[in-house]
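Hi,

Here is the structure I promised to pass on. My notes follow below it.

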Amino acid sequence: MRREPPRTIADYAPLVFPALMLIVFFVIPFSTMIAVSFFQRDQAGFYTPTFTLDNYERFLSAFFGGVLGFSIMLAVLVAVVCVAVAFPFTYLLARSSRRVQTVWLVAILSVLSLSEVIIGFAWSTLFSRTAGITNLLVAVGLMSEPQALLPGFGAVLTGMVYQALPYTILVLYPALVRLDPTLLEAARTLGASPARAFLNVVVPALRNTIVATLIMVFVFALGSYLLPQLLGRPQHWTLSVLITDQAIYQSNMPFAAAMAVFLVLMSLALVGLTLMIGGRREASA
Amino acid sequence: MSGLELQDISKRFGNFTAVDNVRLSVPHGTFVCMLGPSGCGKTTLLRMIAGLEEPSSGRVVLDGGDLTPVPTHKRNLGMVFQSLALFPHLNVGENIAYPLRIRGVDRGAQKKRVDELLAMIHLTGYGDRPVSKLSGGQRQRVAIARALAISPKLFLLDEPLSALDAKLREAMQVELRQLQQQLGITTIVVTHDQREAMTMADLVVVMGEGRIRQAAPPIEIYRRPADAFVADFIGSTNLLDVEADGAGRATVLGRAVPGLEMPSGKNKGVISVRPEDVHLTAPAEGTVAGKVTFVRDLGGTIETFVEAEGKTIVAVTTPRERTGFSAGDPVGIVLPRENCVVLDA
């Protein structure tokens, strides 16, 4: 669709409201946060406006660097697991009958109504020794005695994947429904086994969708701060946990702001890198 | 025997029988067109030959070997889909090379074969272009080249030309037929366009309601349709009720057709007369008298609609043999005996 470019100031009028909202609710708070990250903490009260790089300096220690690295690793892992699980699932879902699709989509949407707290406590029960899923395995005879599966990295990962999976499926679903099923059939008539046809044809045809979904889940998982606390040990705490801790419990707003700014910059850099690599591959193809 | 054999193939979806006990022998190198209205089971039959659909009963046999249990990707056939199904993430050359790549053909041989195929479809030098930059006809040719890359024994096409405009479609029909003759490959095309079938096929298979109504060379299908369904589907025709009188002569619209006799043992039926075989004369000279209701002059041909005994009969003439009738004129209709085909009702 081609439209005429706006000519007069009045043509820009429809943009005024969204622009205003963006300024009030995004640009101003974000600028405030950036500004606060350079302020000095005041032990007695809040903070005093000066210009100091102390907050960033403090952040550049091995401890916070490690937490940042762990947070990004966890978010990447959640994104990869989510897409790896959701992609084949959504592919099969999109090929099944309308009724089956409706039932599954309603079930998936209902998971979205659960808050992070409920998900966290539900999994902590499921992973507990007294009432957890290991009791079922014992009953079936696969295990000799029930075990606690938390706190631990596996529990954190499971909880976060569980939380992000519905979003992943809902983002992938429209693209997979629109995918021409004859592409796969054509690959099969040309000699590709079903699994090979899926990898050769379906995955590359939807590469952009997959990359976009990975980025979305990554950003989503980066913000998670409750599940790591409920299901993990302190070494599994993400930067978001530390930011909350500094901002709310330690009343160190400037330091929390500095960490938040750093987290945003790191995620932007990673997303940019992903897009750049994707774009280069497209150009060479 | 060498060629493709369909042995009593049926396909049922729940209570619905899509393909009903189809039996057909296709000698090696034959060009077959499966023709029928939508929903007649022709595409399902093609998909069963390709292995994309499993028959409920019956067997697909190629050159004496049973193909039925062989999965699609091991059947070594070439298929062109209605949507063409070119891979959007691969360029023209990579699309054509795909079946070779899957089979582990080395890069040099792949390149050589792709160049050969591009020359065959008159697209030399297009190998590096993205598929999205091609015209409809070019995409069509790329899909054909990709399907033929491994020189398959069987070439299947599902409504391959339906997305093209009328002119391009006619040109592609001729091109496809020439290509098939040049390669001598057994080819099966599914189509609902009878002109397409008449242009390309050695053998036309007319299907209706899941069954084969007639399988014969195109001109025989046209001249000697097996039943009223085939006569009506192939070209246009006049279908008129026919009855035997006491002496066994065939009577149409209450008049005996001179020289036309009913097949023995038959009292009732339908005759099919092609519009170009119907002659119009002066009212007294015809077998049946009628009145012209409408004349459609198409330039190349003239269609005259005549009402007689409550039935409308269409006659087609060329301007050269212009009969000069106009709406409202009384006419005589002559149904030449040799062009009337008596069919089951």
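First, a definition: I call a residue buried if 20 or more other C-beta atoms lie within 10 Å of its own, exposed if 12 or fewer, and partly exposed in between, with C-beta atoms placed from the backbone. Helices (H or I, at least four residues) and strands (E, at least two) are DSSP runs, numbered from the N terminus.

Some housekeeping: this is a predicted model, where local features need pLDDT of at least 70, side-chain atom pairs count only at pLDDT 80 or more, and totals for chains, interfaces and linings use all residues. Residues are numbered from 1 along each chain as its sequence is written, while chains are lettered from A and ligands numbered from 1 in the order in which they are written.

Helix 2 of chain B (residues 92-102) is mostly covered, with eight of its eleven residues buried. Among them are Val92(B), Ile96(B), Tyr98(B) and Leu100(B). The buried residues of this helix pack against helix 3 (107-120) and helix 4 (136-148) of chain B. Just after helix 2, Gly104(B) has a positive phi of about 75°.

Now strand 12 of chain B (residues 249-252). Ala250(B) and Val252(B) make up its covered face, Arg249(B) and Thr251(B) the uncovered one. Side chains in a regular strand alternate between the two faces of the sheet. Strand 12 pairs antiparallel with strand 11 (residues 238-244) over three bridges (pairing takes at least two DSSP bridges), and Thr251(B) is the bridge partner of Glu243(B). Three bridges also join strand 12 to strand 13 (residues 255-261), again antiparallel; there, Arg249(B) has Glu261(B) as its bridge partner.

Cheers

Definitions and conventions
Two residues are in contact if their C-beta atoms, placed from the backbone, lie within 7 Å.
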